[in-house]
Amino acid sequence: MTDAQLPADDTDTDRRPDGPLLPGDLGPEPLAITRLVAVALDEDLGPAPGRDVTTQATVAADARGRADVVAREAGAIAGLVVVPEVLDQVADRLDLPRATVTWHVHDGAVVEAGTVLATLDGPTQVLLVAERTLLNLVSRASGVATHTHRWTQALSGTGARVLDTRKTTPGLRALEKYAVRCGGGTNKRMGLFDVAMVKDNHVVAAGSVAAAVRAVRERFPDVAVQVEVDRPEQADEALDAGADFLLLDNMGTATLRATVALVRAREGSGGHVELEATGNLTLDRAREVALTGVDYLSVGALTHSSPILDVALDLDPRSVTAPVDVSADVPAGAASAAPAPAREPAPRP
């Protein structure tokens, strides 16, 4: 059994919200996931409760089925934590019983192509209506986790870790940053509210690095303060101003090494200063940068440029019961669904 594989006695229909969570992780904020899924379903079905005209026409409301969520390619898995929420919201919209999930792996598992990640049992309408939203989120999150995993492998043994940035997809930040953790990376900050980062524009606005750091300390004494520097002498200025850690921006390897040496030489009295390299970082250069002595490599591409991991949902035809009777009344849930929203007329050329 791999570290990320569930023990046999946990692969049941238990609907605990932490069933597929990355071990030791609290997961994304539940409210963020609830909102994300609601918006995604509105996009796919129209305003709540919405409708799926194909599924609700071809599948009886009382039909039941079983489907596997399958990784079509090898990679690190993330986003399984959203699966119950998608299924539950779809069931509630259709006024149908909720589906159950059998977990086969945790988020964070590194799997081969063809691995079954979870098995879903419930109303066939629920499984099919949930399919695309579920796969969009799991595929996106797993793509981020897989990309991050490549960076963690490249940095193995160096003492440095890869971390993300705020360059996330709007609305997906909680999920994407969780996916980074699933791939073995680290979150830098969740937003503008939890860590202060003094950049060049802040220095211009405040008048100096020292003035900018002092202003943050006075207004928001509860947050750590990071200062962006692009030359060794700026590191001295930032440390004199009381920065907690430094962002070493767009430095060549030699300059990075010199800046790290300068900062480490000053740590005797003030303690360890965390150093983060960023800008123009690639996997080919990752190990070289890490060996300069920085603590972190900050990589925006983890969230802004990761391709999805191909994940599919396979409905088992042997499991489907109660095929639709086209001569019968419209199934419950279809008739009550909201009509498709009217479209605005196309503008004239």
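Predicted model: local features only at pLDDT ≥ 70, side-chain atom pairs only at ≥ 80, totals over all residues.
**Entry 1: Ser139.** I looked up Ser139 and found it in helix α4, residues 124-155. Is Ser139 buried or exposed? Its relative accessible area is 4%. Buried means under 20%, so Ser139 counts as buried. I then listed its contacts, leaving aside neighbours within four places in sequence. Ser139 touches Ile308, Leu309 and Val311. I also checked Leu80. Leu80 and Ser139 are 59 residues apart in sequence, and their C-alpha atoms are 9.6 Å apart in space.

**Entry 2: α4 and α11.** I followed α4 to helix α11, residues 283-290. Their axes come within 9 Å and cross at roughly 40 degrees. That angle makes α4 oblique to α11. The crossing is right-handed. From α4, Arg150, Trp151, Ala154 and Leu155 make the contact. From α11, Leu283, Ala286, Arg287 and Ala290 take part. I sorted these contact residues into six nonpolar, two charged and no polar.

**Entry 3: the sheet.** Next I looked up an open sheet of four strands. The order is β3-β5-β1-β12, with antiparallel pairing. Which strands stand at the edges? They are β3 (100-103) and β12 (311-315). Each has a single partner strand, so one side of each has no neighbour in the sheet. Neighbouring strands are turned by 20 degrees against each other on average, direction ignored.

**Entry 4: pairing and packing.** I counted four bridges between β3 and β5 (residues 116-123). In one of them, Val101 has Leu120 of β5 as its partner. Helix α3 (residues 83-94) packs on the sheet and touches β3 and β5. The direction of α3 makes about 165 degrees with that of β3. Helix α4 also packs on the sheet, touching β1 (64-71), β5 and β12.

Conventions:
Residues numbered from 1 in each chain as written. Heavy atoms only, no water. Helix = DSSP H or I, 4+ residues; strand = E, 2+ residues; numbered from the N terminus. Buried < 20%, exposed > 50% of the residue type's maximum accessible area, 1.4 Å probe, protein only. Contact = heavy atoms within 4.5 Å. Axes fitted to C-alpha atoms, helices over the stretch in contact; angles between N-to-C directions. Parallel < 35°, antiparallel > 145°, perpendicular 65-115°, else oblique. Left-handed = near helix turned anticlockwise from the far one by under 90°. Nonpolar A, V, L, I, M, F, W, Y, C, P; charged D, E, K, R; others polar. Pairing = 2+ DSSP bridges.
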